[in-house]
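Hi everyone, thanks for coming. Please have a look at the sequence and the structure on the screen, and then I'll walk you through a few side chains.

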Amino acid sequence: MEQKINCAQACVNGCVLGNKCPNIEFREAAAKFLQDTPLDKMLELAQERLRKKITEPPKWVFPEDP
């Protein structure tokens with residue numbers, strides 16, 4: 001039986017499932033990105049994303065009526 005957990009809460013200090021993690025391919029992709037991408041490039045990507053976020057119009061979320 002596959003164990004279901006909320007990774008955002010349970011794995012704050014590291015993966016608790018180890019090799020049984022359902023998100024292992026994402027972890028490997030993130031590790032490869034961190035290893036292969038220079039810090040200057042990461043900062044450039046972050047600044048570009050922040051610029052896009054600031055210039056986009058606000059998104060309003062209205063709760064549904066019960």
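**A short walk along the chain**

Let's begin with Glu56, which sits in the segment after H3. A word of caution before we go further: what you see is a predicted model. Is Glu56 buried, exposed or partly exposed? With a relative accessibility of 30%, Glu56 counts as partly exposed. Glu56 and Ala10 are 46 residues apart along the chain, and 33 Å separates their C-alpha atoms.

Next, please move to the loop between H2 and H3, where you will find Thr37. Thr37 counts as buried, because its relative accessibility is 14% and the cut-off for buried is under 20%. What lies 2.8 Å from a polar atom of the Thr37 side chain? That is the backbone oxygen of Phe33.

Now for the charged side chains. Here is the general idea: side chains of opposite charge can pair when their charged atoms come close.

Let's take Lys32 and Asp36. They form a salt bridge in which the closest N and O atoms are 2.7 Å apart. Where do these two residues lie? Both are in helix H2, which covers residues 24-36, and they are 4 residues apart, about one turn of the helix. Lys32 has 52% relative accessibility, so it counts as exposed. Asp36, at 48%, counts as partly exposed. Those two numbers fall on either side of a boundary, because exposed means over 50%.

Now please go to helix H3, residues 39-55. Here Glu44 pairs with Lys41 in a salt bridge, with 3.7 Å between the closest N and O atoms. That still counts, because the cut-off for a salt bridge is within 4 Å. Why can these two side chains find each other along the helix? Glu44 and Lys41 are 3 residues apart in H3, so about one helical turn separates them. Both ends of this pair are partly exposed: Glu44 has a relative accessibility of 49%, and Lys41 has a relative accessible area of 38%.

Staying in helix H3, look for Arg51 and Glu48. Their side chains meet in a salt bridge at 2.6 Å, N to O. Arg51 and Glu48 are 3 residues apart in the helix, which means about one helical turn lies between them. Arg51 is partly exposed, with a relative accessible area of 45%, and Glu48 is partly exposed too, at 34%.

Let me finish with the cysteines. A disulfide is a covalent bond between the sulfur atoms of two cysteines. How many disulfides does the model have? The count is 0 disulfides. Cys15 is in no disulfide either, with the nearest cysteine sulfur, in Cys21, 3.8 Å away.

Methods
Residues are numbered from 1 along each chain as its sequence is written. This is a predicted model: local features need pLDDT of at least 70, side-chain atom pairs count only at pLDDT 80 or more; totals for chains, interfaces and linings use all residues. Side-chain values use heavy atoms; hydrogens and water are left out. A disulfide is a pair of cysteine sulfur atoms within 2.5 Å. Buried means under 20% relative accessible area, exposed over 50%, partly exposed in between (1.4 Å probe, protein chains only). A polar contact is a pair of N or O atoms within 3.5 Å; within protein, one must be able to donate a hydrogen and the other to accept it, and residues adjacent in sequence count only if both atoms are side-chain atoms.
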